[in-house]
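Here's a quick look at the aromatic rings in this structure and how they pair up. Have the 3D view open as you read.

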Amino acid sequence: DTEVTQTPKHLVMGMTNKKSLKCEQHMGHRAMYWYKQKAKKPPELMFVYSYEKLSINESVPSRFSPECPNSSLLNLHLHALQPEDSALYLCASSQVRGSNSNQPQHFGDGTRLSIL
Amino acid sequence: GEDVEQSLFLSVREGDSSVINCTYTDSSSTYLYWYKQEPGAGLQLLTYIFSNMDMKQDQRLTVLLNKKDKHLSLRIADTQTGDSAIYFCAESRPYSGGGADGLTFGKGTHLIIQP
């Protein structure tokens with residue numbers, strides 16, 4: 001069982017829809033991440049939040065809009081997506097570097113997104 | 001993932017040891033990780049090693065790190081059918097500011113178990 005929970009597990013949406021992916025963790029981690037994984041490819045980093053502030057944006061198109069409303073929650077708002085955005089979207093969390101704790105990233109099971 | 005290299009496939013007999021290799025390029029990597037991904041699932045953290053360590057053992061798993069050659073390996077003893085999955089090597093690189101490091105993954109090694 002994963003300690004990072006992502007909802008929904010599956011999402012099908014049209015190119016004009018607006019939807020949101022949600023991620024929740026209760027491990028006290030202050031760093032949270034979004035990754036995108038295309039079929040038969042490794043995950044690729046999209047966004048990093050540290051202490052609820054966006055610290056890394058890996059040149060992701062603006063149709064993806066992240067939000068971190070509190071230390072346990074991470075959202076990814078989707079608008080006007082393209083068919084090539086169909087992928088598995090993975091959320092992860094970890095301790096922040098320098099917190100005197102090990103910092104492995106723990107992943108959720110992902111949301112499988114299909115754009116029609 | 002092009003800075004982290006792995007073989008795409010490894011086939012072993014059930015009961016044998018599996019050794020999955022990985023090379024990375026960034027000497028500033030702080031942690032190196034092995035994740036397991038089964039079909040349709042997310043990533044399961046298997047083990048990780050800090051860059052100042054040479055070896056780490058955890059039950060059936062042994063990680064070896066050769067920092068000079070930037071080579072990481074994962075040995076799975078007594079490989080079972082449940083070990084069949086894709087294994088990703090990943091490195092964390094310190095980003096400036098923020099204190100949270102994104103991961104760069106290899107392409108993944110598909111471990112195939114023969115009966």
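Does Tyr35(A) count as buried or exposed, and what is its relative accessibility? This is a predicted model, and in it Tyr35(A) comes out at 0% relative accessibility, so it counts as buried, the cut-off being under 20%.

Across the whole structure, a search over all chains turns up 13 aromatic pairs. One of them puts Tyr35(A) edge-to-face with Phe105(B). Tyr35(A) belongs to strand β4 of chain A (residues 31-37), while Phe105(B) belongs to strand β10 of chain B (residues 103-105), so this pair joins two chains. Phe105(B) sits at 1% relative accessibility, so it counts as buried too.

Phe105(B) also makes an edge-to-face pair with Phe107(A). Here Phe107(A) comes from strand β10 of chain A (residues 106-107) and Phe105(B) from strand β10 of chain B, so again the pair joins two chains. Both Phe107(A) and Phe105(B) are buried.

Here's the geometry of the two pairs:

| Pair | Centre to centre | Angle between planes |
|---|---|---|
| Tyr35(A) and Phe105(B) | 5.9 Å | 85° |
| Phe107(A) and Phe105(B) | 6.2 Å | 70° |

Zooming out, ring pairs tie these residues into a cluster: Tyr35(A), Phe107(A) and Phe105(B) are among its members, along with Tyr33(A), Tyr31(B), Tyr33(B), Tyr35(B), Tyr48(B), Phe50(B) and Phe88(B). One of those rings has a charge to look at as well: Lys56(B) lies over the face of Tyr48(B), 4.0 Å from the ring centre.

Technical notes
Residues are numbered from 1 along each chain as its sequence is written. Chains are lettered from A and ligands numbered from 1 in the order in which they are written. This is a predicted model: local features need pLDDT of at least 70, side-chain atom pairs count only at pLDDT 80 or more; totals for chains, interfaces and linings use all residues. Side-chain values use heavy atoms; hydrogens and water are left out. Rings of Phe, Tyr and Trp (its six-membered ring) pair if their centres lie within 6.5 Å; planes under 30 degrees apart count as stacked, over 60 as edge-to-face and the rest as tilted. Helices (H or I, at least four residues) and strands (E, at least two) are DSSP runs, numbered from the N terminus. Buried means under 20% relative accessible area, exposed over 50%, partly exposed in between (1.4 Å probe, protein chains only). A charge sits over a ring if NZ of Lys or CZ of Arg is within 6 Å of the ring centre and within 35 degrees of the ring normal.
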